[in-house]
Structures are given as C-alpha cells and as structure tokens.
Amino acid sequence: GERIRAMGQTRVIYSDATTAEAASILKSCGFLESSQGGLFTSPNIPIKIYVVWGKSSYFPEIFARLDFPPSIQIHLKCRESVPELIEVTLGAVNGLRGNSPGTRVKVFNADTREEVEC
C-alpha cells in the first residue's frame with residue numbers, strides 16, 4: 001500500500017472566500033457536488049475535491065504558516081499524478097481571486113508541505 005499511496009497527490013487551497021463561492025467556482029470548472037455536499041467530482045477528471053471548514057486541522061504544520069485566518073480549505077486529491085491537477089488548482093485559485101478582489105488564497109502541496117505559487 002505505501003508505494004501506491006505515495007503516487008497520489010494532494011493540493012490544499014486555503015482561502016477566506018465562502019463555501020458558496022468555492023462551490024460555484026468548482027462547478028464552473030466542470031465539477032458537480034455530491035448529494036452529501038462538500039465533495040465535488042467530475043466525470044472526465046480523476047480528481048476528488050473536498051471543501052471543508054477553514055480551521056479543520058488536516059495539515060497543522062501548513063496551517064501554522066498561514067498569515068490569514070482561512071474560512072475554507074479546498075482539498076484536491078488524485079490517485080496518481082494527473083496534469084489536470086495543476087489546471088484545476090489554477091482554475092479554482094483564479095476563480096476565487098477573480099470572484100471578489102481582495103480574496104486571500106494560498107496553495108500548498110500537501111505531500112511536500114511546500115507552498116505552491118499560483
């Protein structure tokens with residue numbers, strides 16, 4: 001299991017945008033919200049996207065480095081490295097920033113714990 005798990009990739013977007021803003025942006029990127037809510041999937045893109053509460057402690061060492069209090073976290077997960085991960089992450093970030101200027105957004109590679117410039 002370890003080797004297979006290491007193949008997966010996770011990006012985390014921290015933002016002070018709203019859950020509703022995130023949902024509308026993900027929908028514009030071609031993702032649909034599941035009936036449980038908070039999970040977004042696409043028929044064509046092998047990425048699962050979870051929108052969770054900003055203070056959830058999934059990656060405490062990343063959270064500690066943020067310079068603003070996020071209201072949401074967007075977790076983008078895929079089983080293997082797919083080029084769409086970068087595209088979808090960028091689309092979400094640009095959507096969040098474009099939706100309301102001044103929205104704060106930080107992106108991290110959760111696997112390396114490094115910030116990703118977007």
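View 1. The side chain of Thr89 reaches the backbone oxygen of Leu85 at 2.6 Å. The model shown here and in the other views is predicted. Thr89 has its place in helix α4. With a relative accessibility of 4%, Thr89 counts as buried, because the cut-off for a buried residue is under 20% relative accessible area. Once neighbours within four places in sequence are left aside, Thr89 is in contact with Arg11, Ile13, Leu76 and Val107. Helix α4 itself spans residues 84-99 and lies across β1, β4, β5 and β6 (105-109). The helix runs at about 5° to β1.

View 2. Seven strands form an open sheet in the order β2-β3-β4-β5-β1-β6-β7, and their pairing is antiparallel. The edge strands, β2 (32-33) and β7 (114-116), each pair on one side only.

**View 3. Strand β1 between its two partners.** Which strands stand on either side of β1 in the order of the sheet? They are β5 and β6. Residues 9-15 make up β1 and residues 72-78 make up β5; the two strands pair in the antiparallel sense over seven bridges. Within this pairing, Arg11 has Leu76 of β5 as its bridge partner, and Tyr14 has Gln73 of β5. Toward β6, strand β1 pairs in the antiparallel sense over five bridges. Tyr14 also stands opposite Lys106 in β6. In a regular strand, side chains alternate between the two faces of the sheet. Strand β1 is mostly covered, with six of its seven residues buried.

**View 4. Helix α2 over the sheet.** Helix α2 (residues 19-28) lies across β2, β3 (39-41), β4 (47-53) and β5. The helix runs at about 170° to β4. Its buried residues are Ala22, Ala23, Ile25 and Leu26. Viewed down the axis of α2, these buried residues fall within an arc of 165°, so they line one face of the helix. They pack against β2, β3, β4, β5 and α4. On the face of α2 turned away from the buried side are the exposed residues Ala20 and Ser28. Just after α2 comes Gly30, with a positive phi of about 95°.

View 5. Phe63 has its place in helix α3, which consists of residues 60-63. Not counting residues up to four places away in sequence, Phe63 touches Tyr14, Gly54, Lys55, Pro70 and Gln73. Glu80 is 17 residues from Phe63 along the chain, and the C-alpha atoms of Phe63 and Glu80 are separated by 25 Å.

**View 6. Arg113 in the loop between β6 and β7.** Arg113 lies in the loop that joins the place of β6 to that of β7. Its phi is near 65°, a positive value in a residue other than glycine. Arg113 is partly exposed, with a relative accessible area of 29%.

How values were computed: Residues numbered from 1 in each chain as written. Predicted model: local features only at pLDDT ≥ 70, side-chain atom pairs only at ≥ 80, totals over all residues. Heavy atoms only, no water. Pairing = 2+ DSSP bridges. Helix = DSSP H or I, 4+ residues; strand = E, 2+ residues; numbered from the N terminus. Contact = heavy atoms within 4.5 Å. Axes fitted to C-alpha atoms, helices over the stretch in contact; angles between N-to-C directions. Buried < 20%, exposed > 50% of the residue type's maximum accessible area, 1.4 Å probe, protein only. Polar contact = N/O pair within 3.5 Å; in protein donor to acceptor, adjacent residues only side chain to side chain. Arc of directions from axis to C-beta.
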